[in-house]
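Try each task yourself before you read its solution.

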Number of protein chains: 2
Amino acid sequence: MMVSSKGRYALQVMMDIAKNEGDGYVSVADISERQHLPLKYLEVIVGILNKGGMLSSLRGKNGGYRLNKAPDEYSISEILNLTEGSLAPVECVKGHTAGCENAATCMTLPLWIGLDRVIEDYLSNISLQDVVDGNIKDF
Amino acid sequence: MMVSSKGRYALQVMMDIAKNEGDGYVSVADISERQHLPLKYLEVIVGILNKGGMLSSLRGKNGGYRLNKAPDEYSISEILNLTEGSLAPVECVKGHTAGCENAATCMTLPLWIGLDRVIEDYLSNISLQDVVDGNIKDF
DNA sequence: ATAATATCCTACAGAAAGGATAGGAATTAA
DNA sequence: TTAATTCCTATCCTTTCTGTAGGATATTAT
């Protein structure tokens with residue numbers, strides 16, 4: 001029941017780019033250095049974010065990555081769902097197909113659907129900008 | 001970000017005992033058969049529930065397990081926390097110590113604390129009885 | 001052109017966690 | 001005494017996690 005380092009690093013990457021992209025691109029080497037995260041692993045993770053349409057890239061000198069939209073347009077949910085594959089707490093609530101062959105009689109399914117929903121609700125209402133700004137209410 | 005089979009099976013075990021304990025004890029063999037779950041694995045899981053104080057046991061013939069309190073006195077949170085070890089989404093919000101050495105400056109910590117809380121809130125407000133009764137609102 | 005700087009691609013590898021199984025010791029009821 | 005049952009804990013196989021490695025490809029500055 002844990003968010004893996006892949007997802008956590010991806011979030012750090014997105015935050016770092018949000019903070020450091022001026023008009024140019026942010027390189028993975030710079031992110032790696034600032035965030036103290038392994039370069040080669042970040043290359044893999046950034047590749048996922050890029051292929052998933054969250055970033056644009058530019059190769060070569062002065063190249064790197066930049067956000068495709070404003071930081072307040074990214075929800076934490078979409079970032080984590082992309083990098084983690086899914087945030088579903090159990091297999092049977094993945095991909096909104098909701099259930100195995102016993103779904104009709106499964107007494108625990110509603111529980112998992114409800115849990116999935118509170119997680120999704122929470123994370124989809126927090127933006128990248130919110131995290132960068134330290135703007136997370138309550139707690 | 002998944003609840004493991006250990007936690008899911010533990011929940012099934014608790015539900016099965018809740019349903020099937022009359023005045024006597026429920027054996028693991030019976031649970032295994034009714035729920036179609038591996039006996040030897042269930043023995044391990046039930047051991048955790050027992051040592052954690054959720055069940056009482058009786059050895060020998062006609063032995064087995066029974067609940068220590070009424071089904072509506074168990075929250076799903078306590079069952080899953082016991083068997084999973086923790087439901088915290090990241091290492092640094094385990095055990096209410098909240099944080100690593102960088103906690104003071106970590107921008108993502110509030111996010112994880114908040115996520116932990118919505119999960120905990122949801123699961124602590126649903127009882128074993130609710131699940132057995134199919135009494136989970138919404139969705 | 002060329003050199004330097006980046007991304008991009010994908011296979012591999014060690015460590016940790018997940019998901020059981022195995023075998024028997026201890027206890028209890030009939 | 002015997003059958004049934006919990007109890008204990010070591011082991012094992014598989015999958016996932018967490019990276020690493022090495023190079024191919026593209027871009028820009030000079």
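This is a predicted model: local features need pLDDT of at least 70, side-chain atom pairs count only at pLDDT 80 or more; totals for chains, interfaces and linings use all residues.

**Exercise 1.** Describe the build of chain A: which helices and strands follow one another along the sequence?

*Solution.* 
- Step 1: Count the elements. Chain A has six helices and two strands.
- Step 2: Along the sequence they give the pattern α-α-α-β-β-α-α-α.
- Step 3: The C-alpha trace of chain A spans about 60 × 30 × 25 Å along its principal axes.
- Step 4: Check burial. Of the 139 residues in chain A, 45% count as buried.
- Step 5: Consider the contacts between residues at least 6 apart in the sequence of chain A. Of these, 61% join residues at least 24 apart.

**Exercise 2.** Work out what the contact between chain B and chain A is made of.

*Solution.* 
- Step 1: Count the residues. Chain B gives 35 residues to the contact, and chain A gives 35 residues.
- Step 2: Look at the area. About 3,200 Å² is buried between the two chains, with 78% of it from carbon and sulfur atoms.
- Step 3: Search for pairs across the interface. There are zero salt bridges, while three residue pairs are in polar contact.
- Step 4: Turn to the side of chain B. The elements giving two or more residues to it are α1 (5-20), α4 (76-84), α5 (109-124) and α6 (128-133) of chain B. The largest share, 11 residues, comes from α5(B).
- Step 5: Sort the residues on that side of chain B by type. They divide into 26 nonpolar, three polar and six charged.

**Exercise 3.** Which side chain of opposite charge is nearest to Asp116(B)?

*Solution.* 
- Step 1: Locate the residue. Asp116(B) belongs to helix α5 of chain B.
- Step 2: Find the partner. Arg117(B) is the nearest side chain of opposite charge, 8.7 Å away.
- Step 3: Apply the cut-off. A salt bridge needs the charged atoms within 4 Å, so at 8.7 Å the buried Asp116(B) has no salt bridge.
- Step 4: See what it touches instead. Apart from neighbours within four places in sequence, Asp116(B) is in contact with Leu87(B), Ala88(B), Pro89(B) and Val93(B).

Methods:
Residues are numbered from 1 along each chain as its sequence is written. Chains are lettered from A and ligands numbered from 1 in the order in which they are written. Side-chain values use heavy atoms; hydrogens and water are left out. Contact means heavy atoms within 4.5 Å. Buried area is the accessible area (1.4 Å probe) that two parts lose on being put together, summed over both. A polar contact is a pair of N or O atoms within 3.5 Å; within protein, one must be able to donate a hydrogen and the other to accept it, and residues adjacent in sequence count only if both atoms are side-chain atoms. Helices (H or I, at least four residues) and strands (E, at least two) are DSSP runs, numbered from the N terminus. Ala, Val, Leu, Ile, Met, Phe, Trp, Tyr, Cys and Pro count as nonpolar, Asp, Glu, Lys and Arg as charged, and the others, Gly among them, as polar. Buried means under 20% relative accessible area, exposed over 50%, partly exposed in between (1.4 Å probe, protein chains only). Lys and Arg count as positive and Asp and Glu as negative; His and the chain ends are not counted.
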